[in-house]
Amino acid sequence: NLLKSLLSKGSDPEEEAALRGTRTTIAVVIMSLAMAMTALAQEIYTRGGSNLALEGMDAVSYFVSGKPVKGRKDLASPYKGAVWRFSSAGNKAAFDKNPQKFAPQYGGHCAYGTAQGYAVRGDPRAWRIVNGKLYLNYNRAVQNKWHRDISSYIAEGNRNWPAVLKTK
C-alpha cells in the first residue's frame, strides 16, 4: 500500500508536494546504491566499460605458461564483478578454486600508479610476478620505472590499496 500511494498522484496539492519529495528521496537513495555497486565493480579494472578482466587474458596462464594467453569465451568465470576468461578447463578450475592466487594485485590497476596514490589501468602485456603475485603496469615505460624499486613500490601500493579507487 505504501508503494502504491507513493506511485499514485496526490489528491490535493499539499499531498502531491509531499509525495514528490518522497519520490525524490527514493530516487536519490536508488542512485546512491547504484553508484556504490558500480564502485565495487571498479575494484577490478576493466577496459572501455566492458566487464572483462585482463582484456580477456587468462590470469592463470601468467603462472603456468610464463606469459599472457588469450582466454576463450566458453571458459569464463565471474569474480568480483568482472568476467575472467581462460585458455583451458584446467586453468579455469585452478582459478575457480583460488581466485586470489591468480587475480592481479590491485585489481589489475597499475602497480606503479597505485604506489603513487592513484588508480589507472594496468596493461595485461606489462606484467611481472613477484613473490607469487601478479602485478600489472600502465605500459612498459612505466614498468621500467617500477622495476627500479619493486619492493618499495609494492609496500607503498599495499598501503594505498584500496583507497586509491576513490581517486578514479
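**View 1. Lining of the largest pocket.** By class, 6 nonpolar, 4 polar and 3 charged residues line the largest pocket. In this classification Ala, Val, Leu, Ile, Met, Phe, Trp, Tyr, Cys and Pro count as nonpolar, Asp, Glu, Lys and Arg as charged, and the others, Gly among them, as polar. The lining has 13 residues, and Lys80, Pro104, Gln105, Tyr106 and Gly107 are those nearest the pocket centre. The space in this pocket is about 200 Å³. A pocket is an open set of points on a 1 Å grid over the protein atoms alone, with protein on both sides within 12 Å along at least five of seven lines; lining residues have an atom within 4 Å of a point. Grid points are joined across faces, edges and corners, and a volume is the space filled by probe spheres set on the points. The model is predicted: local features need pLDDT of at least 70, side-chain atom pairs count only at pLDDT 80 or more, and totals for chains, interfaces and linings use all residues. Residues are numbered from 1 along each chain as its sequence is written, and side-chain values use heavy atoms, with hydrogens and water left out.

**View 2. The cavity.** The structure holds 1 cavity of 30 Å³ or more, a cavity being a set of grid points where a 1.4 Å probe fits but cannot get out. The volume of the largest cavity is about 70 Å³. Its lining consists of 15 residues, with Tyr45, Ala53, Leu54, Gly108 and Leu136 nearest the centre. Of the lining residues, 9 are nonpolar, 4 polar and 2 charged.

**View 3. Surroundings of Lys70.** Lys70 sits in the loop that joins helix 3 (61-64) to strand 1 (72-79). Helices (H or I, at least four residues) and strands (E, at least two) are DSSP runs, numbered from the N terminus. Beyond residues up to four places away in sequence, Lys70 touches Glu55, Gly56, Met57 and Ser87; contact means heavy atoms within 4.5 Å. A polar atom of the Lys70 side chain lies 2.8 Å from the backbone oxygen of Glu55.

**View 4. Asn91 in helix 4.** Asn91 belongs to helix 4 (residues 89-97). With a relative accessible area of 10%, Asn91 is buried (under 20% relative accessible area; exposed is over 50%, partly exposed in between; 1.4 Å probe, protein chains only). The side chains of Asn91 and Asp58 make a polar contact of 2.7 Å. A polar contact is a pair of N or O atoms within 3.5 Å; within protein, one must be able to donate a hydrogen and the other to accept it, and residues adjacent in sequence count only if both atoms are side-chain atoms. Apart from neighbours within four places in sequence, Asn91 is in contact with Asp58, Val60, Ser61, Val64 and Phe86.

View 5. Val142, Gln143 and Trp146 are buried in helix 7 (residues 140-147). They lie on the same side of helix 7 because they cover an arc of only 105° around the axis, taken from the directions from the helix axis to the C-beta atoms. Arg140 and Ala141, on the other side of helix 7, are exposed. The buried residues of helix 7 pack against helix 6 (111-116), strand 3 (123-130), strand 4 (133-137) and helix 8 (150-160). At the N-terminal end, Asn139 caps helix 7, with a side-chain oxygen 3.1 Å from the backbone nitrogen of Ala141.
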